[in-house]
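This report goes through selected residues and helix contacts one at a time. The sequence and the model are shown first.

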Amino acid sequence: MHILKEREKFKLIKPIMKGWSTDKKYFVENELNQKMLLRIAEISLYDEKVKEFEAMKHLAECKVPVSNPIKIGICDDGKSVYSLFKWCEGEDAEIALKSMTEIEQYRLGKDAGRILKEIHRIPAPESQEEWVSRFSRKADSKIKMYQDCGLKIEGGEKIISYIQNNKHLLEGRAQCFQHGDYHVGNMIISSKGELSIIDFNRYDYGDPWEEFNRIVWSATISPHFATGQLNGYFNGRPPIDFFKLLVFYICSNMLSSIPWAIPFGEDQVTIMKNQAKDVLTWFNGMDDPIPTWYLEDYYI
């Protein structure tokens, strides 16, 4: 186990294997019975980890329900950077939602939408490149990755056509702080039914609406939660321009997920191929920007 420079005394150290982050993660408990999350990363990521820590500190001060940051520093004789966060008590949302009523799922989805709105109040740096040029380049790269990987999905050309024909939707989009991986897999539901957001290690700055590119995971678990998230974020039904961009961002992300999955084996490839089928179904073969899982008439 890594020895922290500050010599924190942990009476319990338990590795956390969940997730795709390169960070080493541990559940720890000190002699004062404080439960915490310990993340350890390579020292080359020090500046990024400090920025992530400061952003989460700002969010916590604004009463956004995140893992409150406690301390950040250097360990492993200068080879690693560590960060300590307050432990979010509860159950993973992707598991907890399955045993909840549709009303509870929708309510928590609305909470997730409102929380995301607060996260997006942090502005992007003034030096940030214009979104249309930045994401157009990113979308082209994702298309090329897909075309070069040798693995094709049914309806792939329709998806590519939609992306290529709708880049104009990126023009004039404002940018803000992004969680970077906002879906039920990075949310905790407490025993009191309260939602917390975890794992900001993929944070970025960009169009706030791009943040919904991961909602596919939430919609697969619970259409009521996903519907609630949209309605909570927009305080009602989202505008049609949002849905058009939602298709764009989901498709861009989905294309790159195919080559991404290949090194992780056939199981991950199958998951991503099935998700691609779902996306084509949700958007009626790319002809309808409003996904079938969005429950138009569901209100509480």
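Predicted model: local features only at pLDDT ≥ 70, side-chain atom pairs only at ≥ 80, totals over all residues.

Ser83 is buried because its relative accessibility is 6%, and the cut-off for buried is under 20%. Leaving out residues up to four places away in sequence, Ser83 touches Leu37, Leu38, Arg39, Phe53, Lys71 and Ile72.

One of these partners, Phe53, sits in helix α1. Phe53 is likewise buried, at a relative accessible area of 7%. Beyond its neighbours within four places in sequence, Phe53 contacts Pro69, Ile70, Lys71, Ile72, Ser83, Leu84 and Phe85.

## Ser44

Ser44 is placed in the loop between β3 (35–42) and α1 (46–61). Is Ser44 buried or exposed? Its relative accessible area is 60%, so Ser44 is exposed; the cut-off for that class is over 50%. The C-alpha atom of Ser44 is separated by 47 Å from that of Glu296, and the two residues are 252 apart along the chain.

## Two aspartates with positive phi

Most residues other than glycine have a negative phi. Asp76 is not a glycine, yet its phi is positive, about 60°. The residue lies in the loop between β4 (69–75) and β5. With a relative accessible area of 21%, Asp76 is partly exposed.

Asp199 also has a positive phi without being a glycine, here about 55°. Its loop is the one between β9 (195–197) and β10 (204–206). Asp199 counts as buried because its relative accessibility is 17%, under the limit of 20%.

## Cysteines

How many disulfides does the structure hold? The number is 0. Cys149 is in no disulfide, and the nearest cysteine sulfur, that of Cys251, lies 16 Å away. A disulfide would need the two sulfur atoms within 2.5 Å.

At 22% relative accessibility, Cys149 is partly exposed. Cys75, by contrast, is buried, with a relative accessible area of 2%.

## Helix α4 against α8

Helix α4 (residues 131–148) and helix α8 (residues 240–261) have axes that come within 8 Å and cross at roughly 40°. The two helices are therefore oblique to each other, and α4 passes α8 in a left-handed crossing. On the α4 side the contact is made by Trp131, Phe135, Ala139, Lys142, Ile143, Met145 and Tyr146. On the α8 side it is made by Phe248, Tyr249, Ser252, Asn253, Leu255, Ser256, Ile258 and Pro259. By class, the residues of the contact of α4 with α8 are 11 nonpolar, 3 polar and 1 charged.

## Helix α4 against α5

The axes of α4 and helix α5 (residues 156–165) are 11 Å apart, and the packing angle is about 165°. Why is α4 roughly antiparallel to α5? The angle of about 165° is over the limit of 145 degrees, so the pair falls in that class. The crossing in which α4 passes α5 is left-handed.

From α4, the residues Ala139, Ile143, Tyr146 and Gln147 meet Gly156, Ile160, Ile163 and Gln164 of α5. This contact of α4 with α5 divides into 5 nonpolar, 3 polar and no charged residues. Ala139, Ile143 and Tyr146 of α4 take part here and also in the contact with α8.

## Helix α8 against α9

Helix α9 covers residues 266–282; the axes of α8 and α9 come within 9 Å and cross at roughly 160°. That makes α8 roughly antiparallel to α9. The crossing of α8 and α9 is left-handed.

Which residues make the contact of α8 with α9? In α8 they are Ile250, Cys251, Met254, Ser257, Ile258, Trp260 and Ala261. In α9 they are Gln268, Val269, Met272, Lys273, Gln275, Ala276 and Val279. The contact of α8 with α9 has 10 nonpolar, 3 polar and 1 charged residues. Ile258 of α8 takes part in this contact and in the one with α4.

Note on methods
Residues numbered from 1 in each chain as written. Heavy atoms only, no water. Buried < 20%, exposed > 50% of the residue type's maximum accessible area, 1.4 Å probe, protein only. Axes fitted to C-alpha atoms, helices over the stretch in contact; angles between N-to-C directions. Helix = DSSP H or I, 4+ residues; strand = E, 2+ residues; numbered from the N terminus. Parallel < 35°, antiparallel > 145°, perpendicular 65-115°, else oblique. Left-handed = near helix turned anticlockwise from the far one by under 90°. Contact = heavy atoms within 4.5 Å. Nonpolar A, V, L, I, M, F, W, Y, C, P; charged D, E, K, R; others polar.
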